[in-house]
Amino acid sequence: MQGYTVKTLTQFIIEQQASIPYATGEFSRLLYHIGVAAKIVNKKVNKAGLVDILGEAGHVNVQGEAQKKLDLMANWQFIQSLRNSRECCGIASEEDQEVITWDDDQLTRDGNYVVCMDPLDGSSNIDVNVSIGTIFGIYRRISPRGERVTMDDFMQPGHKQVAAGYVIYGSSTMLVYTAGNGVFGFTLDPSIGEFCLSNFLIKTPAEGRIYSVNEGNFEHFPQGVKDYIRYCQGVDKPTGRPYSTRYIGSLVADFHRNLLKGGIYMYPPTAAAPNGKLRLLYECNPIAFIAEQAGGRASNGAERILDIQPESIHQRMPFYVGSAHMVQKVEELLSHEG
Ligand code: AHG
Ligand code: MN
Ligand code: MN
């Protein structure tokens, strides 16, 4: 039987590192450890229906939402892996009110990177066997190495990310990431336990035919968003309208589909939630970086997501992301509002 040739995530990281003069390997080690955590979380997610780790954990997270047990497990797993890498000196996680640091641990304090993460995205889908994900954004610290990490290390605009990615625990498990030179996708081959390069230099279509939004909130959306949704529903042969609605309710899964097929994901503001629902640091920024690297666009309706100066680690932001022409169109309609 003939073997098949694969390029694993680890191999790919090593090759990428070799192509950068004077690269120290620190960043490669960090990514490697994220891959390890993703594999462990994947195992637990796969087994979720079999063992008693489903359901609410009883706590309420900093957003006031009930936490599921898998959220806590994924959070713990990524924290341990990032700590083990010795390259991460601090983490902002959806599941922790405060930034996580290891000030007692000099080796970790020496780390050069901070990570913002949503350890388990789409948690309302856990109990019903629908795709969920992990999202991460990586920044080089600006405070001196060896000292305590500071809030300024986390308050960097998204364009300062050195890498970002997500893991999707779906019908296959994939890790998609960018380090600023294109977007690469790796599919987990469960038979060998490795992420294998499957999507080389992902590019998203400039125009798509899918729109993804929680349309149940339609009456509460800004007029420009209502106008855009009506536009998507309009009948027009040349532009291929009406478009299709697809909404899973897991940002990672909705974005991933639209990235490959072309489409727009929207989480607009409402009167009750004037900044929408999604979190700038660990949902919007990493996804925006990937979208732009794939030729797409990401905006809060008026401003490029990656240019926004963060003010707090859990802040929310309206989010429009995906095919460039579609995001431009909704921005244009929003700009007509008084
Ligand atoms: P999380 O599970 O990390 O809290 O994120 C859920 C987010 C996002 O993944 C999803 O697209 C959105 O919430 C869905 O919100 P609605 O149920 O309001 O549509
Ligand atoms: Mn989320
Ligand atoms: Mn989450």
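**Figure 1. Helices α1 (9-18) and α2 (26-47) each contribute at least two residues to the lining of the second largest pocket.** The model is predicted; local features require pLDDT of at least 70 and side-chain atom pairs pLDDT 80 or more, whereas totals for chains, interfaces and linings use all residues. Residues are numbered from 1 along each chain as written, chains are lettered from A and ligands numbered from 1 in written order, and side-chain values use heavy atoms, without hydrogens and water. Helices (H or I, at least four residues) and strands (E, at least two) are DSSP runs numbered from the N terminus. The second largest pocket has a volume of about 320 Å³. It is lined by 17 residues, of which I20, A23, F27, S28 and A179 are the closest to its centre. Helix α2 provides the largest share of this lining, 4 residues. By class, the lining comprises 9 nonpolar, 6 polar and 2 charged residues (nonpolar: Ala, Val, Leu, Ile, Met, Phe, Trp, Tyr, Cys and Pro; charged: Asp, Glu, Lys and Arg; polar: the others, Gly among them). On a 1 Å grid over the protein atoms alone, a pocket is an open set of points with protein on both sides within 12 Å along at least five of seven lines, a cavity is a set where a 1.4 Å probe fits but cannot get out, and lining residues have an atom within 4 Å of a point. Volume is the space filled by probe spheres set on the points, which are joined across faces, edges and corners.

Figure 2. The structure contains 1 cavity of 30 Å³ or more. The lining of the largest cavity consists of C89, W102, D103, T108, R109 and V149. These residues divide into 3 nonpolar, 1 polar and 2 charged.

**Figure 3. The manganese ion (ligand 2) is coordinated by D118 (OD), D121 (OD) and E283 (OE), at 1.9 to 2.2 Å.** Along the chain, the donors of this ion follow the spacing D-x2-D-x161-E. Buried denotes under 20% relative accessible area, exposed over 50% and partly exposed the range in between (1.4 Å probe, protein chains only).

**Figure 4. The manganese ion (ligand 3) is coordinated by E94 (OE), D118 (OD) and L120 (O), at 2.0 to 2.2 Å.** The sequence spacing of the donor residues of this ion is E-x23-D-x1-L. D118 and L120 are both buried. The manganese ion (ligand 2) and the manganese ion (ligand 3) lie 3.7 Å apart and are bridged by D118. Donors are N, O and S atoms within 2.8 Å of the metal (3.2 Å for Na, K and Ca); water is not among the atoms, so sites may look incomplete.

**Figure 5. Strand β13 (residues 264-267) directs I264 and M266 one way and Y265 and Y267 the other, with all of them buried.** In a regular strand, side chains alternate between the two faces of the sheet. Strand β11 (residues 210-212) runs parallel to β13 and is joined to it by 2 bridges; the bridge partner of Y211 in β13 is I264. Strand β15 (residues 319-322) pairs with β13 in the antiparallel sense over 4 bridges, and G322 of β15 stands opposite I264. Strands pair if DSSP finds at least two bridges between them.
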